[in-house]
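Colleague: Could you walk me through how the labels on this model are decided? I'd like to see each value set beside its rule.

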Amino acid sequence: MLKQAGMVAVGAGMLVLAAGMACAQGADAGTAGAEEYRANPKFLAAVKEAREMERARQPGLAGEAYQKANAIAGGRCVECVAGLYKMQMMGGSYAAAVGTAEAMEAMGATPLVRSVAAYDRGRALEARDGETPKPEQMGEELAAFQEAAKLYPQNVAAVFSEGQVLARMGRMEEARKEFELCLSGMKAGDAAWLRVKHFAEDPELALHKMAPAFEVTAL
């Protein structure tokens with residue numbers, strides 16, 4: 001059984017969110033009825049199909065298979081919902097991904113899981129809203145990242161994203177504080193830390209596409 005260490009780390013590479021979500025929730029596998037669906041041949045076949053379609057880069061078909069697997073699980077398979085979110089983001093179905101992230105939040109049994117889900121919701125909102133979001137859309141994005149940081153303060157990716165949105169809103173001093181807070185949860189000296197340090201010194205730099213690579217670790 002997977003065990004959750006409850007750590008959000010910063011490092012090189014792309015954001016690993018859907019995988020972190022699944023690993024964090026893995027600790028709930030022992031809840032009532034969970035093992036029954038995990039041993040169901042139909043569930044296993046649906047998950048296998050989803051993963052094969054994902055490897056083949058067919059997000060639409062993979063998403064359908066993840067939905068099928070979750071239906072067989074009685075709507076309790078958070079890994080399936082995380083997989084669906086990932087496929088929706090890959091396929092550009094950002095509005096649908098927002099709803100899926102909300103479902104992940106509702107399913108989350110721990111603050112870490114809900115934090116990662118709220119962060120995922122913020123990412124989906126940003127993707128949905130595009131390069132020139134309206135003020136109310138930026139407010140919605142900011143609220144998602146704030147919720148993620150509130151649920152799990154060590155989620156430095158969420159804190160960083162708060163700073164980015166605040167900078168885009170023109171609230172530079174507030175953005176500076178978030179970047180400084182982000183620095184306090186990072187390992188000094190690595191590439192991501194140096195970039196955030198520059199943003200803390202000059203929040204306007206965050207308006208450019210210079211985001212550091214965060215990795216969410218929940219295993």
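**Labels and their cut-offs**

Modeller: Gladly! R171 has a relative accessible area of 32%, so R171 is partly exposed; buried means under 20%, exposed over 50%, and partly exposed in between (1.4 Å probe, protein chains only). This is a predicted model, where local features need pLDDT of at least 70, side-chain atom pairs count only at pLDDT 80 or more, and totals for chains, interfaces and linings use all residues. Residues are numbered from 1 along each chain as its sequence is written, and side-chain values use heavy atoms, leaving out hydrogens and water.

Colleague: What makes R171 and E174 a salt bridge?

Modeller: The rule asks for a side-chain nitrogen of Lys or Arg within 4 Å of a carboxyl oxygen of Asp or Glu. For R171 and E174 the N to O distance is 2.8 Å, so the pair counts. E174 is partly exposed, with a relative accessible area of 38%.

Colleague: And how do you know that E79 forms a salt bridge with R38?

Modeller: Their closest N and O atoms are 3.2 Å apart, therefore the pair meets the rule. E79 is partly exposed at 22%, and R38 is partly exposed at 25%.

Colleague: Why is F43 called buried?

Modeller: F43 has 6% relative accessibility, so F43 counts as buried.

Colleague: Which residues is F43 in contact with, leaving aside neighbours within four places in sequence?

Modeller: Contact means heavy atoms within 4.5 Å. By that rule F43 is in contact with Y37, R38, A69, I72, A73, C77 and C80.
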